[in-house]
Amino acid sequence: MDLYGDERLDYLLADESMQIIQSPTAFSFSLDAVLLAHFARIPIKRGKILDLCTGNAVIPLLLSKRTAAKITGVEIQERIYEMGKRSIELNGLSEQIGMIHGDLKEMLPILGHSTFDVVTCNPPYFPTPASTEHNENKYLTIARHEVYCTLEDVVKACKLHVRPGGKVAMVHRPGRLVDIITLFRKYRLEPKRVRLVYPRKDREANILLIEGVRDGKADLKLLPPLYIYEADGSYTEEAEDIIYGT
């Protein structure tokens, strides 16, 4: 498998059964993606899963360990899309996982309406800064800030492509919880599960996991908090199981 520029091969799982192409300047996945892949409820044997803002296909690759369903990833940045495509080929998963290079706002002619059982998304978290505040690295600016898509664009796309009764799972920042719930309900995605993730027990939550069901009935469950680190800096038992056992 060819690597370009500063790309490297990393093991994605503790058992070293899967590798992924990463780049420190273009894209490297974070804990958020691992947590979302674990949090999402997905079909096991059949069905269709869509991952928006897929990056280097880390979430489709992780989900493939849990399901035989077909998975499609959508990524707008061409270089990162190519990294994901090559990672899928590297792991022999081209029959199960497909990649699309394009804008999530323009996927209707390609993906169709209401065609997926589950949609997952790890979107940009932050409103678009002024051009003078942009990171010098354009890849990081696009991945982190709402340059090409707003939170509403993301929620609208999730609703457009998930079937009635299907699930949408998203990872975001706790500070956007009210915005997310407001937009979920605007687009008929009823919030069903929320879980807050904390670095440690004495810190504020810094990651939000949320799941909605299209056209679902109101019944929100607040799940137990997830703590990542013990006081001594080691992973908690649950976090270690998620990170190394996915």
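The following legends describe close-up views of a predicted model.

**View A. The second largest pocket and its lining residues.** This pocket has a volume of about 150 Å³. Its lining is formed by 10 residues. Lying nearest the centre of the pocket are Phe 29, Ser 30, Leu 31, Val 34 and Ile 243. By residue class, the lining consists of eight nonpolar and two polar residues, with no charged ones.

**View B. The packing of helix 6 against helix 7.** Helix 6 spans residues 151-161, and helix 7 spans residues 177-186. The two helices pack at an angle of about 40°, and their axes are 10 Å apart. Because of this angle, helix 6 is oblique to helix 7. Their crossing is right-handed.

**View C. The residues in contact between helix 6 and helix 7.** Helix 6 contributes Leu 151, Glu 152 and Val 155 to the contact. From helix 7 come Asp 179, Ile 180, Leu 183, Phe 184 and Lys 186. Five residues of this contact are nonpolar and three are charged, while none is polar.

Key: Residues are numbered from 1 along each chain as its sequence is written. This is a predicted model: local features need pLDDT of at least 70, side-chain atom pairs count only at pLDDT 80 or more; totals for chains, interfaces and linings use all residues. Side-chain values use heavy atoms; hydrogens and water are left out. On a 1 Å grid over the protein atoms alone, a cavity is a set of points where a 1.4 Å probe fits but cannot get out, and a pocket is an open set with protein on both sides within 12 Å along at least five of seven lines; lining residues have an atom within 4 Å of a point. Grid points are joined across faces, edges and corners, and a volume is the space filled by probe spheres set on the points. Ala, Val, Leu, Ile, Met, Phe, Trp, Tyr, Cys and Pro count as nonpolar, Asp, Glu, Lys and Arg as charged, and the others, Gly among them, as polar. Axes are lines fitted to C-alpha atoms, for helices over the stretch in contact, and angles run from 0 to 180 degrees between N-to-C directions. Helices (H or I, at least four residues) and strands (E, at least two) are DSSP runs, numbered from the N terminus. Angles under 35 degrees count as roughly parallel, over 145 as roughly antiparallel, 65 to 115 as roughly perpendicular and the rest as oblique. A crossing is left-handed if the near helix is turned anticlockwise from the far one by less than a right angle, and right-handed if clockwise. Contact means heavy atoms within 4.5 Å.
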